[in-house]
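Please keep the sequence and the model in view while reading.

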Amino acid sequence: METAATEKKSARSMGELVAVVEALIFVADEPITSKLIAEVLEEDKDSIDAAVAELEKEYEARESGLQIREIAAGWQIATRTELHEDVRKFLKTRPSAKLSLASLETLAVIAYKQPVTVPEILEIRGVQSASAIKTLLEKRLIVTKGHKETVGRPMQYGTSKEFLIQFGLKDLTELPSIEDFEDLAS
Amino acid sequence: MEPKQELEQFVFDFHKETAEIVAESRDELKIKLGEFAGPLDLLLFLIRQEQANIFDIPISRITDEYLQYIRLMKSLDIAVAADFLVMAATLIEIKSKMLLPRDPMAPPEEEMEDPRKELVDRLLEYEKFKAAAQMLHEKTTIEQAVFQRGKIESDEANAEINATVFDIITVFQKILVRHRDEIKMEIAREEISLSDMIKTLKRRIFEEMEVDILKFFEEMQSKRELVTAFIAVLEIVRTESVKLTQKSTFGEIIIKAVTNGNSSH
């Protein structure tokens, strides 16, 4: 049919779109981007964004036990934070600190200074960070970002997508500015 | 009635007073005195304990306390102590600089720079990142209160996660550790050359289609063979149409022949 060319508007109603978008976000293993949903459904990205917004509103309105979250530039369905006690009781898991203080500090330096080299991290932390960097690489929270074109061509590190996912961040700009921490100092 | 369980608070106790054993990674146990992440951390703690102004550090007193602490730590953790010793030297240097009388010949307008300034700048910079680390810790704590559904069975779910060189090295290290444990008699034997090893591996890949590199490494008889095998894997991945795949983090890494056409042999 050639009539569809001019009005390439969605064949789905808003209600249908919201439903199928919800289904895709649910089955996606990782946060799924509006762009990817749009490609799969052959819709334009704006209508997907509108559908997600509608979905969020629905969840809010009926005080759902689930929430739509924007993580690593994609969408994700997850349980609501407030329900963690009951969910944990069922899953029999306990919260635990997954990273040591040294690893967290190293990660903070890398997150804010990326791409950053080992000597630069040492300069800020005042302590060798080799084992922390190894841990962070193993957990795939950081990735190598090529060599720095300076004496010795040291390897540079930056945070990964996994970092955004595990720390519940939309993107890096969502991190508070490092200067904001100045008020906390002294 | 069972007693209401207290909600757990996961705030880092940054300065535990007692010595404790902290497992940093699987292979090594580290003993730390308290939870100081480094010399700057310790210094901040001492300054705060003295309720001193960070811009006007009583350098003599802080240095003494710092050295006392180092003496305690030194016997416990040599690797950490090295970085702490650098700071001790810096503190002593600053202390002696401050004891030196001002050069009477120096022009009076020229303010002598406070020898502590560089240290203060570093402390302030470090403190920001320490706060950022705490923020990250809080973020993970919140993240841990949020749950997603489990994996869904699909073709994609069995898909290959690209294994990186880093993953191969991890596997390699595992094998090395295992080899270390096995005490074997050294018998002089013909060592296999790299090109023979590559040939062997290639034959295996094209006969079996899939080779688990962990198993392949394990077949090696000596450390030297193991190293040769490791280089052979790297070489083959670089030059041949094979793919390294890994099903899960730290899972087994498998070499597969890429079948679509243009493999060179």
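Strands β3(A) and β5(A) run antiparallel and are joined by two bridges; two strands are taken to pair if DSSP finds at least two bridges between them. Within β5(A), Gln156(A) is the residue that stands opposite Thr117(A). The model is a predicted one, in which local features need pLDDT of at least 70 and side-chain atom pairs count only at pLDDT 80 or more, while totals for chains, interfaces and linings use all residues. Residues are numbered from 1 along each chain as its sequence is written, and chains are lettered from A and ligands numbered from 1 in the order in which they are written. Helices (H or I, at least four residues) and strands (E, at least two) are DSSP runs, numbered from the N terminus.

The pair belongs to an open sheet of three strands in the order β3-β5-β4 of chain A, with antiparallel pairing. Its edge strands, β3 (116-117) and β4 of chain A, each pair on one side only. Across β3, β4 and β5 of chain A lies α5(A), which runs at about 90° to β5(A). Angles run from 0 to 180 degrees between N-to-C directions, and axes are lines fitted to C-alpha atoms, for helices over the stretch in contact.

Helix α5(A) also packs with α7(A), at an angle of about 80° and with the axes 9 Å apart. That angle makes α5(A) roughly perpendicular to α7(A), a term that covers 65 to 115 degrees. From α5(A), the contact is made by Ala102(A), Ser103(A), Thr106(A) and Leu107(A), and from α7(A) by Ala132(A), Ile133(A), Thr135(A) and Leu136(A). Residues are in contact if their C-beta atoms, placed from the backbone, lie within 7 Å.

Which residues of α7 (residues 130-138) of chain A are buried? They are Ala132(A), Ile133(A), Thr135(A) and Leu136(A), where buried means that 20 or more other C-beta atoms lie within 10 Å of the residue's own. Because they cover an arc of only 160° around the axis, they lie on the same side of α7(A); the arc is that of the directions from the helix axis to the C-beta atoms. These buried residues pack against α5 (101-113), α6 (118-125), β4 (142-147) and β5 (155-159) of chain A.

The contact between the chains takes 40 residues from chain A and 41 residues from chain B. On the side of chain A that touches chain B, α5(A) gives the largest share, eight residues.

Conventions: Buried ≥ 20, exposed ≤ 12 C-beta atoms within 10 Å, placed from the backbone. Contact = placed C-beta atoms within 7 Å. Parallel < 35°, antiparallel > 145°, perpendicular 65-115°, else oblique.
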